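The sequence and structure are shown first.

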Amino acid sequence: MSAKYKFKLGRPLKVVTVCGVGQGSSLIMKMFVDDVLKELGVPARVEPTEIITAKAAGADMIVCSILHEPELRGAAKIVVGLKSLVDKREMREKISKALLEAGWLEQVA
Amino acid sequence: MAESTLEIDLLRALGDRVLVGASARDWVEAVRLAGELLVRDGVVEERYVEAMVRVTEELGPYAVIAPGVAMPHARPEDGAREVGLSLVVLREGVNFGSPNDPVYVVIGFAAKDKTSHLRVLQQLAEFLSEPDVVEELKRIRSEDELRTLLLSRLRKAT
């Protein structure tokens, strides 16, 4: 990864990863999302949870399966729906694109 | 944490609860195969298996976590006694109604709380994140071959 980014939010990003039960795939996603955000230089607090809690969490970003994306749309400024929950490349692409679009991340090189 | 210890976590959680070349008519049967391996070794109570099916029915095909791979699980209070995994490789894929169908690899999963299984999940996720892992698993013909594959992949990942 060659691109350099600058994080512009001014406080740690609040992220929830979401699955049906909140203890399996949401944990797997959390680990990869932690890695991806660290690589992007984004300070963040990432919590695994299930759908109901996620809706009320007041998160900046929700990361979930594409199956849950329609239901969660609107519950955070950024909702990232993933086809594969273990594909770090898909995560990195979708998360960095969403953060750039939100204006929370700026490409500097 | 030493690499050898990391490796043992996933392998210990899996034990010999492995079924290769299995057949299932549909996703329910596939989930039950994975669940029954957990019951056999006392990782879960019998009711956990039907809870795995019920949770998958209730919440939709979210259990399919990657192309060709499902990880059905129920809640700790559905009769999970300890942290444990099982792994079923199907000869022919079954559909869960997911964009990642057909599913060939079904990983049964149980945890007795929300934190004790973190390292196991982490290793499992690293293992599954390799793009060709489903193809590799479909080629496996014995538990020994699976163990070899797991060990080589986990070494590569760490």
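## Chain contacts, fold and core

In this predicted model, 20 residues of chain A are in contact with 22 residues of chain B. On the side of chain A that touches chain B, helix 1 of chain A contributes the most, with five residues. By residue class, that side of chain A comprises 10 nonpolar, seven polar and three charged residues.

Chain A itself contains four helices and six strands. Read from the N terminus, its elements follow the order β-β-α-β-α-β-α-β-α-β. Chain A is as compact as a globular protein of 109 residues, because its radius of gyration of 13 Å is close to the 13 Å that the globule rule gives for that length.

| Property of chain A | Value |
|---|---|
| Span of the C-alpha trace along the principal axes | about 40 × 25 × 20 Å |
| Share of the 109 residues that count as buried | 48% |
| Share of contacts with a separation of 6 or more that join residues 24 or more positions apart | 58% |

In soluble globular proteins, nonpolar side chains tend to be buried together. Here the largest nonpolar core has 91 residues, and those with the most contacts inside it are A:I28, A:I62, B:V69 and B:V106. Helix 1 of chain A (residues 25-40) supplies the largest share of this core, nine residues.

Around B:V106, the contacts beyond its neighbours within four places in sequence are B:A30, B:V31, B:L33, B:A34, B:A70, B:P72, B:V88 and B:L90.

Definitions and conventions:
Residues numbered from 1 in each chain as written. Chains lettered and ligands numbered in written order. Predicted model: local features only at pLDDT ≥ 70, side-chain atom pairs only at ≥ 80, totals over all residues. Helix = DSSP H or I, 4+ residues; strand = E, 2+ residues; numbered from the N terminus. Rg over C-alpha atoms; globule rule 2.2 N^0.38 Å. Buried ≥ 20, exposed ≤ 12 C-beta atoms within 10 Å, placed from the backbone. Contact = placed C-beta atoms within 7 Å. Core = buried A, V, L, I, M, F, W, Y, C linked by C-beta atoms within 7 Å. Nonpolar A, V, L, I, M, F, W, Y, C, P; charged D, E, K, R; others polar.
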